[in-house]
Amino acid sequence: MTQHPGLLRTAPLQGETTSSLICRIASRYGMEAKVLRSCWQWRNYPPTYDGGGARADAEVLLNAPGRQLLAGLCRVGEDVLARALPSWGQEDAKLSAGKNGVPAAAWRTGGAVAGPVAFGCRLCAARRTGTAVRVVRYVPRWERVCVRHGRWLLDADADQPLEHLDVRGLPEVAAAQRRWTGVARRAARAGVEPERVFALAYAVVALWWEQALTWERETIWPRRLHQVAGGNAGTELERWRIVGRDAVVFPEVVAVADALLDPAMAQLVWRDSGAGRPRPLPADGAFCRRLGERVGRGWLGPLAATDYGGPLTSWMGAVIRIRRGAGGPPGYGNDPWWLRQEHQPATMAGQLRVLSKERSAPGSGTTWRSVVPAEQRALITSLVNDAEEQLTQLRGVQYGKTADAAQQLQPSRPGWPWRILHAGPACRPMSWPKHSRPTATGGQEGNGE
């Protein structure tokens, strides 16, 4: 294909990846993307998923002749492309400066170039371009709702087929995105970067999300999760908890970010710490109670207060040290918005990879540790050790009636392992797993066994 100007104009969408624009240009001319990409000399191979498929978040970096070629193909000025494409002006060591006039390109992943990458709304793209084609854009997590069409735009770096979740039945999700605009302004007035506030609140709520499986009083998140899953998550609850997490918890993330910016909430932390008379933070402190009320869960306070070593208690500790004029631990001082690496939530792509490995190699006994927090690992290990000890003691129980053997296996203390109860589409909606107690016949009380 010769390097002649294009005949059809293809305007870029704001925040679009260069790779997405090239694919749309090829579609406009009725050709495959790989045919159009042959106009550039490629310095490496496109990134792929672990399963071998091409990554949707693949990004392209171009040298100067390569950018000139792309501008000619889409009939849009380079200044317009520079404003619309975040990766437009970025250079790469593998690309020549263009002195020989050869258009060259290099592959990268979008997350390593300009931040989080998500799918665009195809219906919005159709309104702008006339064709409902796939669009991939750089979108922060607080702008993932297409309010016009009621869609939550998913991360593009995960190896899964969905591009969006239907949130038309969850108006609180779109309302939270509108509310975030005011929260971001409050953060700017307080001298804090809004993305840092969001990151901390996101880490706090993501940790709650992992703990919510044991919250019997939690009813809001299960309802939302079944809604985004099409009515019932069915037997794919584990996968839907990964795919739907960000959309389901988004209203709480914005609420927590707003609360952490409130000086009155910081004052409650100071009072709970004893103010001038230092004391350990109580489990029923006013701050955690008020925080639970602000996220619509008046019962959450004691559970949030026991999150020792988590992102919330780190923020509280920094607030207390600032008020007392005390220095913080080496490495990060008294910055309340500093988020430790170990507190950063696992991405959807990372969790899906772990889930895929677990399903392909069940019972490996190793991969589960990479996604389970240290406190839960210790609890699980303790339960396993207790079970091994009981089995050793009861090794001789191999004969007699089933009821007699079950009676000996009856646990003498709380903490009996629970399991997830699944319900089909024709049955009642599935709920969070609840602690169940084995009956004398060896079944689970309350599940019909």
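Predicted model: local features only at pLDDT ≥ 70, side-chain atom pairs only at ≥ 80, totals over all residues.

Reader: Where does Ser87 lie?

Author: Ser87 is in the loop that runs between helix H4 (78-84) and strand S3 (104-109).

Reader: Is Ser87 buried or exposed?

Author: Buried means under 20% relative accessible area. Ser87 has 1% relative accessibility, so Ser87 counts as buried.

Reader: What is Ser87 in contact with, leaving aside neighbours within four places in sequence?

Author: The contacts of Ser87 are Thr18, Glu59, Val60, Leu61, Val113 and Tyr138. With Thr18 there is also a polar contact of 2.8 Å between the side chains.

Reader: Val60 is on that list. Which residue in S3 does Val60 stand opposite?

Author: Val60 stands opposite Trp107. Strand S2 (residues 58-62) pairs with S3 in the antiparallel sense, over 5 bridges.

Reader: How do strand S1 and S3 run, parallel or antiparallel?

Author: Strand S1 (residues 41-42) and S3 run parallel and are joined by 2 bridges. Gln41 has Ala104 as its bridge partner in S3.

Reader: What is the order of strands in the open sheet of 3 strands?

Author: The order is S6-S7-S8, and the pairing is antiparallel. Strand S6 (145-146) and strand S8 (164-166) stand at the edges with a single partner strand each, so one side of each has no neighbour in the sheet.

Reader: How many bridges pair S7 and S8?

Author: Strand S7 (residues 151-153) pairs with S8 over 3 bridges. Across this pairing, Trp152 stands opposite Leu165.

Reader: Where do side chains point in a regular strand?

Author: They alternate between the two faces of the sheet.

Technical notes:
Residues numbered from 1 in each chain as written. Heavy atoms only, no water. Helix = DSSP H or I, 4+ residues; strand = E, 2+ residues; numbered from the N terminus. Buried < 20%, exposed > 50% of the residue type's maximum accessible area, 1.4 Å probe, protein only. Polar contact = N/O pair within 3.5 Å; in protein donor to acceptor, adjacent residues only side chain to side chain. Contact = heavy atoms within 4.5 Å. Pairing = 2+ DSSP bridges.
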